[in-house]
Amino acid sequence: MDVTIPRIDAAALLAGDTASQELVAEAATGVGFLTVYNTPISTARAQVVLAAYHAFFALPASEKAAYDMAQTGSNRGWGAPGSERVDPDANPDYKQVFDCGLELLPGDPLAALPCYAPNIWPVAPADFATVLRAYYRDASAFALDLLCAIADAVGQNGAYFRDQFDLPMALLRGNFYPTRPAWAGDKDFGIATHTDYGCLTLLATDGSPGLEVRKRGGGWIPVSAPPGEFVINFGEMLEMWTSGLIKATPHRVVGTKHERISVPLFFNPNHDANVAPKGAPAIFAAEHLQRRFDETYVHLQSKVRS
């Protein structure tokens, strides 16, 4: 049976349109992916964000090294090629990344938690921090509205989820996928097969192909969206939190003859949100997230082995 990834009018969904809710419910509990258009974030705005990341990734590695998260020991700043290994049976991913997160007020004791680590902003490009801070704020607001609408669509209580995101551990990432290297073999990927770790992922892309979604019965479905539209998928926390109702679906980027930039917002709840299935022992969001980070970031993997 053919599997399709629905394209949803976000404004209609947020307004409670029944047909949109039905499509979203089918996607969230089935293939685990959808795309949305007619969002609060315009095509022009998305292109500004993509351009900011493009300018940063175009810098020489010697300049980016000043912001290397392997040196800071956190998951903020630049991740060089090979800095992540999402699949232990594959080689480290050959993409580059840049990560930033929520900025707390000065003196906030939560800043001691790794999930709220301070951001590391490069000097160049000059407007990089300004562009990303504003996008982080607006994309997080949209992601929360979207998450609550999707929860309502599948019969959960959207208002309950809204109350769990006062200080979200949302992580904004820029991914740069170069053309697939000539040396790449069967175990080399832009990003290997994985499921996202958190709740909802709001993914902006430059429109280039590359992302593939695994079908339940095997095989892969390509999915893309032009700037101004978004790919939506769900992570392990939300699957647990909804007792398996909403699906975290494996996906990957093998790499193509085209370069590609993607900008996921990994929208995660407060550090102390209990994301365990109903009736199960508590699983706190920060603990789940940190465990998965420790397994993924190469510079943190020594913590897992020790």
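## Strand β2 and its partners

Strand β1 (residues 7-9) and β2 run parallel and are joined by three bridges; strands count as paired if DSSP finds at least two bridges between them. Within this pairing, R7 stands opposite T35 of β2. This is a predicted model, in which local features need pLDDT of at least 70 and side-chain atom pairs count only at pLDDT 80 or more, while totals for chains, interfaces and linings use all residues. Residues are numbered from 1 along each chain as its sequence is written, and side-chain values use heavy atoms, with hydrogens and water left out. Strands (E, at least two residues) and helices (H or I, at least four) are DSSP runs, numbered from the N terminus.

β2 also pairs with strand β10 (residues 230-234), this time in the antiparallel sense and over four bridges. Here L34 has I232 of β10 as its bridge partner. How many of the five residues of strand β2 (residues 33-37) are buried? Four are, so β2 is largely enclosed by the rest of the structure. Buried means under 20% relative accessible area, exposed over 50%, and partly exposed in between, with a 1.4 Å probe and protein chains only.

## Helices α3 and α6

Let's turn to a helix pair. Helix α3 (residues 43-57) packs against helix α6 (residues 128-153) at an angle of about 135°, and their axes are 10 Å apart. Axes are lines fitted to C-alpha atoms, for helices over the stretch in contact, and angles run from 0 to 180 degrees between N-to-C directions. The two helices are therefore oblique to each other; under 35 degrees counts as roughly parallel, over 145 as roughly antiparallel, 65 to 115 as roughly perpendicular, and the rest as oblique.

Which residues of α3 and α6 make the contact? From α3 come R45, V48, V49, A52, Y53 and F56, and from α6 come F128, V131, L132, A134, Y135 and D138, with contact meaning heavy atoms within 4.5 Å. The residues of this contact divide into 10 nonpolar, no polar and two charged. Nonpolar covers Ala, Val, Leu, Ile, Met, Phe, Trp, Tyr, Cys and Pro, charged covers Asp, Glu, Lys and Arg, and the others, Gly among them, are polar.

## Backbone features in the loops

Most residues other than glycine have a negative phi, and most peptide bonds are trans. N38, in the loop between β2 and α3, has a positive phi near 55°. N38 is partly exposed, at 44% relative accessible area.

S243, in the loop between α8 (236-241) and β11 (251-253), also has a positive phi, near 55°. Its relative accessible area is 48%, so S243 is partly exposed. Finally, the peptide bond from A124 to P125 is cis, with omega near 0°, and P125 sits in the loop between β4 (96-101) and α6.
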